Amino acid sequence: MTFDQSKWVWMNGSIVPWVDATTHVSAHALHYGSGVFEGMRCYSTDDGPAVFRLDAHLNRFYTSAQVYGLEIPFERSALANAIVELIQRNEFESCYVRPLCYYGSSTLGLHPARCPVEVVILAWPWAAYLGAIGLKEGVRVTVSPWKKFHSDMMPTTAKACGQYLNSILAVREAFARGFDEALLLNSDGQLAEGSGENLFLVRRGELITNDERHSILLGVTRDAIIRIARDLGHPVITRPIAVEDLMGADEAFLTGTAAEITPIREVDGVSINGGQPGPVTQSIQRVFFSAVAGQDARYRDWLHFLVLQPVG
């Protein structure tokens, strides 16, 4: 992935050229990871580009900021409009959108009290995070030796910048051993999530996943998949997931804004469903991609078309 330097970035209320979207090297967030962010996708539909579940993503963005004491100096409607304007200015039909709120430059003491709060939004074309082949054929994953931090150490339900060092350690170690992705255990020895995705198992037609009690970030895509699965007639069970549950599953897949719905075909050398995506996973994928393309009326309210909203 390379960035197109001719594109535009929304920064603190204005759209500026990509090359001018800069922050100082003394910014608090650069040193300590003191920021929060979101990741959302805009999809091409027959009725024009539409952002998937914009309201849910912005709600999590503001909630994450509140957890860390960051007061975002813009209304939700203003940021929604900023996202629309940025996509239009860049002339994207489909893209990934990254709002980011962080402490800027004033002090490098740990307490960021005097640091200004900066807000930026980037957008760029980004294909399937785990690859088009992974999306179709499944990925090979490994259980990482790095564990996911517990919610009494850091707030796992907040999407904060510095927290992703945990994921970086896990995914780099997995790549070094030839895997596509890492799965992290929580402090209880149960499976938590991927480095950037939630985890689902399929057993006898039922879906099994975990929740915030098990040190995961509650994914917006995860929530959508739970609804789709139930609409397809598949019960969804929320409970702890042991490694043995995964190894014995009929099917397994990862969900996330970047990864979308990516099947797992192998875990540490053990094949899942004979090393290929299973029928339940594939049916959920079909409905999901139909929904984001605006082709399923049941999920039309998940799409935010590029129309400016009243501010306030």
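Visitor: Which residues line the largest cavity?
Guide: Glu251, Ala252, Pro263, Ile264, Ile272, Asn273, Gln276, Pro277, Gly278 and Thr281. A cavity here is a set of points on a 1 Å grid over the protein atoms alone where a 1.4 Å probe fits but cannot get out; lining residues have an atom within 4 Å of a point. This is a predicted model, where local features need pLDDT of at least 70, side-chain atom pairs count only at pLDDT 80 or more, and totals for chains, interfaces and linings use all residues. Residues are numbered from 1 along each chain as its sequence is written, and side-chain values use heavy atoms, with hydrogens and water left out.

Visitor: What volume does the largest cavity have?
Guide: About 30 Å³, the volume being the space filled by probe spheres set on the points, with grid points joined across faces, edges and corners.

Visitor: Switching to aromatics. How many pairs?
Guide: The structure holds 15 aromatic pairs. Rings of Phe, Tyr and Trp (its six-membered ring) pair if their centres lie within 6.5 Å; planes under 30 degrees apart are stacked, over 60 edge-to-face, the rest tilted. Phe52 and Trp302 make an edge-to-face pair, 5.7 Å centre to centre with 90 degrees between the planes.

Visitor: What does the pair of Phe52 and Trp302 tie together?
Guide: Parts that are 250 residues apart in sequence, because Phe52 lies in strand 5 and Trp302 in the loop between helix 8 and strand 17. Helices (H or I, at least four residues) and strands (E, at least two) are DSSP runs, numbered from the N terminus.

Visitor: Phe52, buried or exposed?
Guide: Buried, at 3% relative accessibility. Buried means under 20% relative accessible area, exposed over 50%, partly exposed in between (1.4 Å probe, protein chains only). Trp302 is buried too, at 7%.

Technical notes: On a 1 Å grid over the protein atoms alone, a cavity is a set of points where a 1.4 Å probe fits but cannot get out, and a pocket is an open set with protein on both sides within 12 Å along at least five of seven lines; lining residues have an atom within 4 Å of a point.
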